[in-house]
Amino acid sequence: MSGPSLMDSLFQRTLEDLIKGLRQQLIGEQAFISKALEEIRKEIKSTDLSTKSTALLKLCYLSNLHFHDMSFAAFHALEVLSSPRFSHKKIAYHAISLSFHDSTPVLLLITNHLRKDLTSTNEFEVSLSLQCLSRIANVDLARDLTPEVFTLLSSNKLYVRKRAVAVVLRVFEKYPDSVRVCFKRLVENLENYDPQILSAVVGVFSELACKDPRSYLPLAPEFYKILVDSKSNWISIKVLKIFAKLAPLEPRLANRVVEPICDLMRKTGAKSLLFECVRTVVTSFSEYESAVRLAVEKIREFLVDEDPNLKYLGLHALSIVASKHLWVVSENKEVVIKSLSDPDPNIKIESLRLVMAMVSEHNVAEISKVLVNYALKSDPLFCNEILGSILSTCSRNVYEIIVDFDWYVSLLGEMSRIPHCQMGEEIENQFIDIGLRVKDVRPELVRVARDLLIDPALLGNSFLHRVLSAAAWVSGEYVEFSRNPLEFMEALLQPRTSLLPPSIMAIYIQSAFKVLVFCLHTCFVRGGSTAGVSASASYESFDDLSVENGADSTVAHGQTCTSAPITNESIVNLLKLVELALSPLLGSHDVEVQERARNLLGFVDLIKLEALNSSGQEENDSERKGVEATKIIRLVHDAFSKELGPVSLTAQGKVPVPDGLTLNENLGDLETICGDIELPSSNTFSFGYPSEEKDVSSFSNLQIKEDSGQSNESTSLLAEHRKRHGLYYLPSGKSEVISNDYPPANDPALQGDNNDNASDLVKLTAESLVPKRKPNHSKPRPVVVKLDEVDEKPVAVKQLESRDDSLSGAVRDILFGSEDILPTSSRSNLPNSNRKGKKKQHMITQVESKENVVDDGNSSSRRRKDHSHGKERRHRKKNAEERNETDRKEKESSSNHPRRHKSRQRAEEPLKVPPQTSVIPDFLL
Amino acid sequence: MIHFVLLISRQGKVRLTKWYSPYSQKERTKVIRELGGVILNRGPKLCNFVDWRGFKVVYKRYASLYFCMCIDQDDNELEVLEIIHHFVEILDRYFGSVCELDLIFNFHKAYYILDELLLAGELQESSKKTVARLIAAQDSLVETAKEQASSISNIIAQATK
């Protein structure tokens, strides 16, 4: 065994050889790597740790930069880890933190290695294992190593201590109970004077505060002190982040902090810190006018800076301000608009967002015009970005900002013609949505649809197919508004429609059907006189079309000559056209297309005979002979003429139960039949029905009551099941069930659902026309049909409790459990022993195992108390003026918060004060 | 926090990757491919920030290398730029005007330096001098160990064990 081992270690390829070999590429990269891997596999099994570690290092290299799997070496890495040599350890730790993950099988074996190194006297070994722990920690590791990390948190080697502080964050995340042990020491480190440690602690708190800021409010005084005293920009930035989270929760804190932040903003020369101040102010202090003004001033400096980074960040900050102070954006309008043509796509997008934030009902037309022009000029990506944001802004809140729908619909048409447009789907939705919701715009909508449909060039653009399908649908649905339906027929049946995908083709055919029925109806039933309103307006473009499409020329000519009214002759031509265009589709391989084509042709067959006959005869004759045909036409026309309206998402639940239908009876039977497998609980039926149905429901209640006695238990089980797996149940009863259990506070509409379903229904049928706002334009805003619930989906009730994950729960336990007593008691001059005793008890309950922990806790708390007293004294002494102000504020706030005042009076007795009121110690007021 | 650090050469070759959040091997390659495509294609005079899957990637080019760090949406971009610069300066001091080749052949050393600088995705040490001192101390530890290991007597001792 010794022979090969010696050879291995003497002639092993080192990492450098490997890299050199790779770079020379004599035999090709892949081949070389696989050869190297083979060697590594052999070497890594060696008993010599040097050979092994070199192999491991090479493997790391390959895994890291060439992404080769190194999980096979997990155990070997552990073996190298056990080496006494630092260099081996280093390689092993590197490999482990690179390759281990939660499901690595040998993870269990590493605990002892880590523990050994965590307690090592070599600070670098400790640091290595901490680093490794931060990367691979899982619940078990975090739990098992908590005591070691805890000890390190107060290590007198600063290097180790600051690393332990950083790692503690990961330990908390994985094993929240460790908070109970370590949190105190972490907080103590906040008062350390070493900037490195302070930076690490503040970093940890800023991460923690991101997740659940409320828990860290009691620490505000410490953070405040750091903010005021800190000389290091790194620390200031982190503290600002913490305050950005804390300030919105506690207005008094915000009052106190805003001035130092403004000071910092004025003084600092570092752009990063300056930006952090600006961001903190605009996100969390937007009520403080002067602070915002100052921030805006700084933002403006950013905006005009040469550096694209600052420009970008300036725009970014503006977009944060925009939600609360729109004036800031309009003040900087020029810069923003100019940035739209910046070479940097990120800046462009940011400025686009800002421009969209400025949109209101007064300027939407202008801004859209400008933007569409930009879109025409810019690259496809940004073009679609622009179009997308126009579409989403305009459709926000059921087209809230649109007053002139005619304009908007034509804008949609214009947008779909922009060469790079890929927003077909969204445009399609809006076309149809507007058609359904806004009655007044339909003529214009039909005009836009016509323009889109008759342009054969558009059919070639696959991005537009969705738009065209919407246009086709519009043309069929609202054909009565068209000036010339025959034109639509030609457009819908033009030869190039073969370029469309089958699903859209089917929509085309269906729309053609509708248009045809409309033509026939106007011709035969209404006598043809009223129909041809006039085609002269669309005359020219129409003529072009007829020239282009030779196939349809006969019909087209007939049409042009007669210039509008639908005559028998034109109908005959129309029927011919339909047959001509659709007969090839009978053989289509798509079922939908084939079926619809067949439908339409069948209908044409029915009609054709009559139409042909009548065409040869006098008008009167045709009336008589075409009776049958007219009947059919009338029938079909009636079928199509029923208007479609928008449908509420919850509409199904509102359908009243018809008189004759007793749904519950059957279910009652079912109940008896299937004994324990029961259907909806009686609750579902007794609630939520409109008053008209009262007799029915009460009847059913009776019925169910008979049975419910015996099967109450299973009913509740079922309700439970339904709650959990609502997906598999019919939605009808669901809303009632849910609202019984947790009333969604945010949604009065939904609550109303329960009580006056009936009145809601009335509203629905009356198409609840709710004009949002008094239009003060020359042209009145058309009515937009809105359904109460369609647009605001029931928002899940935000439960604060649910956000309380175990981590912040633990933190809160520590902070509120002890600290809410601590600050008040330290101010109320409780006897020291009493306090200590309380402390001790607290610690004992939390840390069962370690005795020294308790001792530490005691000493530290003493230290801490002294310190806080000192701090207070210093603060008092600071200067008279500030104290006056503080006093005044204190008075103010005490008058504002009588409860708080009382609580302080009562603090004499060791009474448990409600945590909310004592969250901020007096120091801040 | 910083989620990962990438060093990518102008040709798209990866020179260093460090992951502070859990990413599987597959995700890692995907991330690198995606970001490489985005970042290498950006022109020279654009801003140094890229929005990427709800995160922000801050990158800066030094000679032929792109240093990229991925951070959370509300982290401070300028601060991260400073961290990158800090890292580069330390590398420069350690290798003596660092070049891409230094990082290629001493890839593990670059890691060790980064580990001194960042821990658990946060800046650990903001002093260049301190980092240099720490690295030197560890290097000397490694060297003494190596000398011991490679001395002939040691090899013979092992061979005849």
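This is a predicted model: local features need pLDDT of at least 70, side-chain atom pairs count only at pLDDT 80 or more; totals for chains, interfaces and linings use all residues.
A residue is called buried here when its relative accessible area is under 20%, exposed when that is over 50%, and partly exposed in between (1.4 Å probe, protein chains only). Residues are numbered from 1 along each chain as its sequence is written, chains are lettered from A and ligands numbered from 1 in the order in which they are written, and side-chain values use heavy atoms, leaving out hydrogens and water.

**Helix H5 of chain A**
- Helices (H or I, at least four residues) and strands (E, at least two) are DSSP runs, numbered from the N terminus.
- The buried residues of H5(A) are Ala74(A), His76(A), Ala77(A), Leu78(A), Val80(A) and Leu81(A).
- They pack against helix H4 (49–66), helix H6 (86–99) and helix H7 (110–118) of chain A, with contact meaning heavy atoms within 4.5 Å.

**The nonpolar core**
- A nonpolar core is a set of buried Ala, Val, Leu, Ile, Met, Phe, Trp, Tyr and Cys residues joined through side-chain atoms within 4.5 Å.
- The largest one has 293 residues, and those with the most contacts inside it include Tyr61(A), Phe183(A) and Leu118(B).
- Helix H29 (residues 502–525) of chain A gives the largest share of this core, 15 residues.
- Leu118(B) touches, among others, Ile2(B), Val5(B) and Tyr20(B), leaving aside residues up to four places away in sequence.

**The sheet in chain B**
- Five strands form an open sheet in the order S2-S1-S5-S4-S3, paired antiparallel; two strands pair if DSSP finds at least two bridges between them.
- Strand S2 (14–19) and strand S3 (49–52) of chain B sit at the edges with a single partner strand each, so one side of each has no neighbour in the sheet.
- S3(B) is joined to strand S4 (residues 55–62) of chain B by four bridges, and Val50(B) stands opposite Val57(B) in S4(B).

**Ser9 of chain B**
- Strand S1 (residues 2–9) of chain B holds Ser9(B).
- Ser9(B) has 0% relative accessibility, so it counts as buried.
- Not counting residues up to four places away in sequence, Ser9(B) touches Arg15(B), Leu40(B), Ser64(B), Leu65(B) and Glu100(B).
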